[in-house]
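Okay, thanks for making the time, everyone. I'd like to walk you through some side-chain contacts today, so let me put the structure up.

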Amino acid sequence: MGRKNPASQKALNLLRNRLCNPNFIFKPLSDSPDSNYSKLKFLVSSSVTEACNNSILLLGPRGSGKIAVLELVLGDLLLEYPDTLSVIMLNGLLHSDDNCAIKEIARQLCMEHNLMFSKMASFDDNSQFMIAMLRECGLAHKTIIFVLKEFDLFAQGKQRLLYSLLDAMQSVTSQAVVIGVSCRLDADQLLEKRVRSRFSHRKLLFLPPCKEELQRLLEHILSLPMDSSLPRDYAVEFNGKIKNILADERFKEIINTYLNSDSTVNHLLRFLFQAVSYMDLESGFLSLENFKTALPNFQRQPKLESIKDCSILELYILVCMKRLEVKEQNSYNFNSVMKEYKSIHDSFKTSDYYARSVCLRAFEHLLQRELICFTDNRGYSHLVEFRPVKLLISYVELHHGLKSYRSCPAILLKLMER
């Protein structure tokens, strides 16, 4: 058994700690004035310095860094303005009920200002208390930041909380910022007219990093610091090997393969953590093999495996649904899918054409496999043909599934590439 490099365990621990620290991960992406970090910080800080009200939505898929960037901004602002900022946190998964939400706001405001909180207060009492606190904080030049995670869940029902909050911010004396966080890109469209008219319609989209940002991010995460307790010669050699790996076309292919299934930063970090954990402690260096070894652990995709077990007819139905989505037909049902299926048959004169009753059984089979689902919440007693449905697999997953399907008709791959 070989001897461990004494510095290798330190390096491994350092890299693992980095990968679990969102503040470290997103710091290099915050340098640019065009970054979401810079835009959000400017918006909130200007609200503090200019004593004005603002509202903004942070939108993007789960794992894209919305909460991490928000916490980074709030952490920096609390250091800059320690006596003029209050942060109230709500989560739609816990507080989507209006009564519960306004009570939680009142509780946090009481804690923040050392006041007695009444559990028995009504919605109207808590609303009046919130309005009074906004006024008092405004007169004292203090800004209250309301963070609403899972914002779309607050937009359900009568939206009394959102209306009360945004309406209170119309006052000249109030000084507040509402930051909504949601993975639904259409979250603002869920708002009632009276709520939407009071919302400032500012939105920040969190997209996957571009190639340049990805390269910078990987180098930032995987390179060892030169000013640490690690031996300088070891750090120089380690960083040299990392640069060679990042420049290797085989590594770029591994990363692209991985990002094709999920391009969010959070998913990438999980992959890097696994790869780093395979580092050879004897040599003390990362190698291309470490990343190759980690890849299969993340490539297993149950949806792709389900596609391989589908019948040819079920593949046709999936492709028809994807084509309807490409045509921006956001609401469709079994009957719409059958029209698309018939148009494909009429255009290409395919031999794979089945009776409607057979298609319906295949459609129900896809529902059971959870490759598709209903978009409403009615019971199964309603007619399946008329209920709106949606795909639960992405374009990339469907395309890969078709390519790996042994006897997949060429026409389906052709239709997917159009």
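So, to start: which residue's side chain does lysine 203 meet in a salt bridge? Keep in mind that this is a predicted model. The partner is aspartate 188, with 3.2 Å from N to O. What I like here is that the pair links distant parts of the chain. Lysine 203 sits in strand 5, while aspartate 188 is in the loop between strand 4 (176-182) and helix 10 (193-196), and the two are 15 residues apart. Now look at the accessibility. Aspartate 188 counts as buried, because its relative accessibility is 5% and the cut-off for buried is under 20%. Lysine 203, at 40%, counts as partly exposed.

Staying in that part of the sequence, aspartate 186 has a salt bridge with arginine 184, at 2.9 Å from N to O. Aspartate 186 is partly exposed, with 33% relative accessible area, and arginine 184 is also partly exposed, at 34%.

Leu185, Leu205 and Leu207 make up a nonpolar patch on the surface, and together they have about 330 Å² of accessible area. Of those, leucine 205 lies in strand 5, residues 202-205, and it's partly exposed at 46%.

Further along, arginine 250 and aspartate 248 meet in another salt bridge, 2.9 Å from N to O, with arginine 250 partly exposed at 48%. And Arg323, Lys327 and Glu340 are joined up in a salt-bridge network.

How many salt bridges turn up in the whole structure? The search finds 14.

How values were computed: Residues numbered from 1 in each chain as written. Predicted model: local features only at pLDDT ≥ 70, side-chain atom pairs only at ≥ 80, totals over all residues. Heavy atoms only, no water. Patch = residues over 30% accessible without salt bridge, like charges linked within 9 Å, V, L, I, M, F, W, Y side chains within 5 Å. Areas by Shrake-Rupley, 256 points an atom, 1.4 Å probe, with all protein chains shown as cover. Salt bridge = Lys/Arg side-chain N within 4 Å of Asp/Glu carboxyl O. Helix = DSSP H or I, 4+ residues; strand = E, 2+ residues; numbered from the N terminus. Buried < 20%, exposed > 50% of the residue type's maximum accessible area, 1.4 Å probe, protein only.
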